[in-house]
Amino acid sequence: MSIEEEEDVAQLAEESEVLEDEAFEGTLDEGEVQQEEEEEQQASGTQGTYTAKVVNDQIFEELVLGPGIAEEVQNVWRTFISSAESREAAGEAIYAALFDAAPSLQSLFKTP
């Protein structure tokens, strides 16, 4: 990612936080906030790209998938499960990948 793209992402994140704060304060309704965010994303070319710098753990927003995405994910999951020797081996592979990527998370899980 270039420096300009990183700056655009940071600016969008800041603007998004301001819009969310305004919506929280009641000056904008949720639809207006979403519409303004979509317009900004279209203008900057980041629509469809995950650009959050901070994880919001206060609000659980509905995940909206495009047509056929859920079915595609289910097909990929079935392929993954069928390629593993067992369901336990599949689970071990997932946890191994998770702990390789973020070793600090391992302490959050109990192992037999």
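Start by selecting glutamine 106, which is partly exposed with a relative accessible area of 42%; here buried means under 20%, exposed over 50% and partly exposed in between, using a 1.4 Å probe and protein chains only. You will find glutamine 106 in the segment after H4.

Residues are numbered from 1 along each chain as its sequence is written, and side-chain values use heavy atoms, leaving out hydrogens and water.

Next, switch to cartoon view. The protein has 4 helices and 0 strands, the helices (H or I, at least four residues) and strands (E, at least two) being DSSP runs numbered from the N terminus.

Colour by pLDDT, the predictor's confidence in each residue from 0 to 100. The average is 75, and 54% of the residues score at least 70. Helix H1 (residues 3-25) has the lowest mean among the elements, 56, while H3 has the highest, 93. Where pLDDT is low, the predicted coordinates should not be read in detail.

Now select residues 69-83 (H3) and 87-101 (H4): their axes come within 8 Å and cross at roughly 110°. Axes are lines fitted to C-alpha atoms, for helices over the stretch in contact, and angles run from 0 to 180 degrees between N-to-C directions. H3 is therefore roughly perpendicular to H4, a label for angles of 65 to 115 degrees.

Show side chains for Trp77, Phe80 and Ile81 of H3 and for Ala90, Ala93 and Ile94 of H4, which make the contact (heavy atoms within 4.5 Å). These residues divide into 6 nonpolar, no polar and no charged.

Finally, zoom out: buried residues make up 12% of the 112 residues in the protein.

Note on methods
Predicted model: local features only at pLDDT ≥ 70, side-chain atom pairs only at ≥ 80, totals over all residues. Parallel < 35°, antiparallel > 145°, perpendicular 65-115°, else oblique. Nonpolar A, V, L, I, M, F, W, Y, C, P; charged D, E, K, R; others polar.
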